[in-house]
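Here is a guided look at one chain, written for someone with the model open on the screen.

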Amino acid sequence: MTSSATKIRNAAERLRSLATAAAHEDRTRWMVGHTLGSKSPVVVDNHEKPTVLIESWAQHREQVNDYLAAFGSPMVGLAVAALLEQQADLLEDEPFHDQVAYPGEPRECSEDCHACASEEHALGVARAFSAAFENTNAEGDA
Ligand SMILES: [Zn+2]
């Protein structure tokens with residue numbers, strides 16, 4: 001069975017790889033802008049010479065663009081990847097975290113185990129990212 005640390009680290013590595021690849025010419029912050037000669041709101045990585053240009057057609061597209069610029073920015077992906085990597089390190093460094101005396105019994109780690117406190121949230125982020133990534137790729141292959 002794949003450990004939580006491995007699942008979280010795998011998601012972090014994939015996210016770091018995607019965020020790094022998305023940051024053309026070290027442009028790690030995307031922003032809301034407009035296409036030249038058009039009033040159409042878009043998300044760009046540079047106002048003058050965009051290499052990323054995302055246009056949404058949602059009903060409330062300003063909010064969609066705000067969301068894409070804020071959370072899609074490679075700097076956010078890199079920061080989330082760092083947080084996930086830190087959680088994976090915590091899980092791997094906690095010697096009793098994955099130990100149980102008998103199958104089905106609770107873990108033997110201490111009450112103040114730092115890994116336990118944030119494991120589920122980090123796993124939730126890793127699962128959500130992995131599911132979104134797989135969906136994105138499935139749509140792209142269609
Ligand atoms: Zn623990």
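Two residues count as in contact if their C-beta atoms, placed from the backbone, lie within 7 Å. On that basis, 54% of the contacts between residues at least 6 apart in sequence join residues at least 24 apart. Please keep in mind that this is a predicted model.

**Overall layout**

The chain holds 4 helices and 3 strands. Read from the N terminus, their order is α-β-β-β-α-α-α. The radius of gyration is 19 Å, well over the 14 Å that the globule rule gives for 142 residues, so the chain is more spread out than a compact globule. Along the principal axes, the C-alpha trace spans about 70 × 30 × 25 Å. Buried residues account for 22% of the 142 residues.

| Helix 3 | 74-93 | 20 residues | 28 Å | 28 Å |

Which residues of helix 1 are buried? They are S4, A5, I8, R9, A11, A12, L15 and A19. These residues cover an arc of only 160° around the axis, which puts them on the same side of helix 1. An α-helix has 3.6 residues a turn, so residues three or four places apart point the same way. On the other side of helix 1 you will find S17 and A21, which are exposed.

In helix 3, the buried residues are P74, G77, V80, A81, L84, Q87, A88, L90 and L91.

**The nonpolar cores**

The largest nonpolar core has 17 residues, and I8, A11, A12, L15 and L84 have the most contacts inside it. Helix 1, helix 3 and helix 4 (114-141) each supply at least two residues of this core. Setting aside neighbours within four places in sequence, I8 is in contact with L84, Q87, A88, A122, L123 and A126. Another core, of 5 residues, lies apart from the largest one; W30, V43, V44 and A69 are among its members.

**M75 in helix 3**

M75 belongs to helix 3. Is M75 buried, partly exposed or exposed? M75 is partly exposed, because 13 other C-beta atoms lie within 10 Å, whereas a buried residue needs 20 or more. Not counting residues up to four places away in sequence, M75 touches T28 and R29. The C-alpha atoms of M75 and T20 are separated by 8.8 Å, although these residues are 55 residues apart along the chain.

**A loop with positive phi values**

Finally, take a look at the loop between helix 1 and strand 1 (31-34), where E25 is placed. D26 is found in this loop too. Phi of E25 is near 50°, a positive value in a residue other than glycine. For D26, phi is near 60°, again positive in a residue other than glycine. What makes E25 exposed? E25 has 9 other C-beta atoms within 10 Å, so it counts as exposed, the limit being 12 or fewer. D26 is exposed as well, with 8 other C-beta atoms within 10 Å.

Key: Residues are numbered from 1 along each chain as its sequence is written. This is a predicted model: local features need pLDDT of at least 70, side-chain atom pairs count only at pLDDT 80 or more; totals for chains, interfaces and linings use all residues. The arc is that of the directions from the helix axis to the C-beta atoms. The radius of gyration is taken over C-alpha atoms; the globule rule is 2.2 Å times the number of residues to the power 0.38. A nonpolar core is a set of buried Ala, Val, Leu, Ile, Met, Phe, Trp, Tyr and Cys residues joined through C-beta atoms within 7 Å. The expected span of a helix is 1.5 Å times one less than its number of residues.
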